[in-house]
Each structure stands twice: as C-alpha cells, then as structure tokens.
Amino acid sequence: MKPKFSYSHWDVLMASPTEPLPKQKRDRQLGIMKAGLANIERSPNVTLKDWEVVFDAVNMMQTLLEMGLVADEQDAIGDATTALANAGMRHLQKGMSLRLNGPDMVTLRGVLEDYEMVLENLPARTMIAAHRATEKRTQEMMSKVSA
C-alpha cells in the first residue's frame, strides 16, 4: 500500500521559502496541540487522539532536530518521546490512562513551547518538508512494527 502524506512535493515547492505558515494554519495546529496537552494534563478521560496530536508535535521536533534546524543539548525531545512512548505502552499493555508524571509533563510542555516558537518562525517550506519527513519516518516505523 502506497503511503499517504498530508502534503505533496508540490506543496513543499509552492510554500513560502521565507515566510512562516499562514497564521490561521499555525493557530489551528497549535490549538489542536494545546487542547491535547491540556487533556493529558487534566482530563479524566485522555483520548488516543489527545496523545497522538501531542506525539505528532514531538515527532516534528525530532525531525527538525535531525535536519539540524533546532538544538536540543539536554535531550528534552528524546525525553518527551520516551515519556509519551512509555505512556502509550502502559495504555496498550495494562489499559492504563495516557498520563505522564510531573517531571515528564514539564519536559513535554517545554518541547511543545519550543515547537510553537519554531512553527511561528521557520519558513512554511521548511515546516511542510519536515512534516513530510516526519510522516515518512512514522510510516516506516509502523510498517516494521506490523511486519
């Protein structure tokens, strides 16, 4: 089955090489991410969708790190990834809520604040290319898991 991407190569080429994504698009993405984070922090019933939108933002930061576009001297991105992956595994294996402990929430919140800053400053072309690369990496990982 051919992988599906949110953006095409044409979307990358047509996006601004100098200006960030349009404000309306940024605000929508950030609103969804912040709602997911708020639910992970406070909702009695955290949904898989909440976890996914937050994990997607962390994965985008991982891609931007691999592209050399962000720095992460303290491995906060790695720590946030591990925290979310562990919560996901506890949920799948033991049926536990998709919750994080206090220190993990602080780390996650910091990475998502960095993502917001990056989204507001990096060119649209860069962000769309990173989005495609993130989806490709995620789909490759999922195909290995299901194989």
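These legends describe close-up views of one predicted model.

The model is predicted: local features need pLDDT of at least 70, side-chain atom pairs count only at pLDDT 80 or more, and totals for chains, interfaces and linings use all residues. Residues are numbered from 1 along each chain as its sequence is written, and side-chain values use heavy atoms, with hydrogens and water left out.

**View 1. The largest nonpolar core has 38 residues.**
A nonpolar core is a set of buried Ala, Val, Leu, Ile, Met, Phe, Trp, Tyr and Cys residues joined through side-chain atoms within 4.5 Å. Buried means under 20% relative accessible area, exposed means over 50%, and partly exposed lies in between (1.4 Å probe, protein chains only). Leu108, Tyr115 and Met127 touch the most other members of this core. At least two core residues come from each of helix H2 (23–42), helix H3 (48–66), helix H4 (76–94), helix H5 (102–121) and helix H6 (124–146). H3 gives the most, with nine residues. Helices (H or I, at least four residues) and strands (E, at least two) are DSSP runs, numbered from the N terminus. In soluble globular proteins, nonpolar side chains tend to be buried together.

**View 2. Tyr115 and its contacts.**
Contact means heavy atoms within 4.5 Å. Set aside the neighbours of Tyr115 within four places in sequence. Tyr115 is then in contact with Gln29, Leu30, Met33, Ala57, Met60, Met61 and Met127. Met127 and Tyr115 are also two of the core residues that touch the most other members.

**View 3. Helix H3 from end to end.**
The expected span of a helix is 1.5 Å times one less than its number of residues. Gly68 follows H3 and has a positive phi, near 80°. Asp75 is in the loop between H3 and H4. Asp75 also has a positive phi, about 55°, although it is not a glycine. With a relative accessible area of 40%, Asp75 is partly exposed.

**View 4. H3 against H4.**
Axes are lines fitted to C-alpha atoms, for helices over the stretch in contact, and angles run from 0 to 180 degrees between N-to-C directions. The H3 and H4 axes come within 10 Å and cross at roughly 150°. H3 is therefore roughly antiparallel to H4. Angles under 35 degrees count as roughly parallel, over 145 as roughly antiparallel, 65 to 115 as roughly perpendicular and the rest as oblique. H3 passes H4 in a left-handed crossing. A crossing is left-handed if the near helix is turned anticlockwise from the far one by less than a right angle, and right-handed if clockwise. On the H3 side, the contact is made by Trp51, Val54, Phe55, Val58, Met61, Gln62 and Leu65. On the H4 side, Ile77, Ala80, Thr81, Leu84, Ala85, Ala87 and Gly88 take part.

**View 5. H3 against H5.**
Here the axes come within 10 Å and cross at roughly 65°. That makes H3 roughly perpendicular to H5. H3 passes H5 in a left-handed crossing. H3 makes the contact with Val54, Ala57, Val58, Met60, Met61 and Leu64. H5 makes it with Leu108, Val111, Leu112, Asp114, Tyr115 and Val118.

**View 6. Val58 and Val111.**
Val58 lies in helix H3, and Val111 in helix H5. Val58 counts as buried at 0% relative accessibility. Val111 is buried too, at 2%. Beyond four places in sequence, Val58 is in contact with Ile77, Ala80, Thr81, Leu84, Leu108, Val111 and Leu112. By the same rule, Val111 touches Val58, Met61, Ala76, Ile77 and Ala80. Val58 and Thr81 are 23 residues apart along the chain, yet their C-alpha atoms are separated by 6.6 Å.

The H2 and H5 axes come within 11 Å and cross at roughly 175°. H2 is therefore roughly antiparallel to H5. Glu120 is partly exposed, at 35% relative accessibility. Leaving aside neighbours within four places in sequence, Glu120 is in contact with Pro20, Arg26 and Leu30. Glu120 and Asp27 are 93 residues apart in sequence and 9.4 Å apart in space, C-alpha to C-alpha.
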